[in-house]
Amino acid sequence: MATLFTKIINGEIPCYKIAEDDNFFAFLDINPNAKGHTLCIPKKEENKLFDLDQEAYTDLMAFTYKVAKAIEKTVPCKRVGMSVIGLEVPHVHVHLIPLNDMKEMTFQHKVALEKEEFEQLAAAIQSNL
């Protein structure tokens, strides 16, 4: 059965897409720790980061780097933090979180955004890719 993220990639579930290429996909987290919280995922379903072959892992990190740089240009923050936990959805995903405070990396503090804010933010990050 397809994961939630595969359904997002396939357009079965809507998202606020940031970037896409042949192998990877990035979109805003709809339950963000901070404004601009983005997920970068491989299109190929793989449960664990280190189950990716070395080339796919390296390519995912290169894709994630580009997205992180665009987030930095768009969202005022001290830095963009990165986390790979992967327990919520059995599909590799890299969290990119704009940070101004360490609590934003704890996944216990969330921010709420309106649909229009998500749309504007996604477009702004895309324009900085």
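Which residues have the most contacts inside the largest nonpolar core? They are I18, L28, C40, L60, V67 and L96, and the core they belong to has 26 residues.

## What you're looking at

This is a predicted model, where local features need pLDDT of at least 70, side-chain atom pairs count only at pLDDT 80 or more, and totals for chains, interfaces and linings use all residues. Residues are numbered from 1 along each chain as its sequence is written, and side-chain values use heavy atoms, with hydrogens and water left out.

## The overall layout

You'll find 3 helices and 5 strands here, and from the N terminus they come in the order α-β-β-β-α-β-β-α. Both kinds of element are DSSP runs numbered from the N terminus: helices are H or I with at least four residues, strands are E with at least two.

The C-alpha trace spans about 35 × 30 × 30 Å along its principal axes. For 129 residues, a compact globule would have a radius of gyration near 14 Å, and the protein agrees, with 14 Å. (That radius is taken over C-alpha atoms, and the globule rule is 2.2 Å times the number of residues to the power 0.38.)

## Inside the cores

A nonpolar core is a set of buried Ala, Val, Leu, Ile, Met, Phe, Trp, Tyr and Cys residues joined through side-chain atoms within 4.5 Å. Buried means under 20% relative accessible area, exposed over 50%, and partly exposed in between, using a 1.4 Å probe and protein chains only. Helix α2 gives the most, with 7 residues. There's also a second, separate core of 8 residues, with F5, I8, F27 and V89 among them.

Leaving out residues up to four places away in sequence, C40 touches F25, A26, L60, F63, T64, V67, V92, H93, V94 and L96. A contact here means heavy atoms within 4.5 Å.

Across the whole protein, 44% of the 129 residues are buried. Of the contacts with a separation of 6 or more, 58% are between residues 24 or more positions apart.

Apart from neighbours within four places in sequence, T6 is in contact with E45 and H91.
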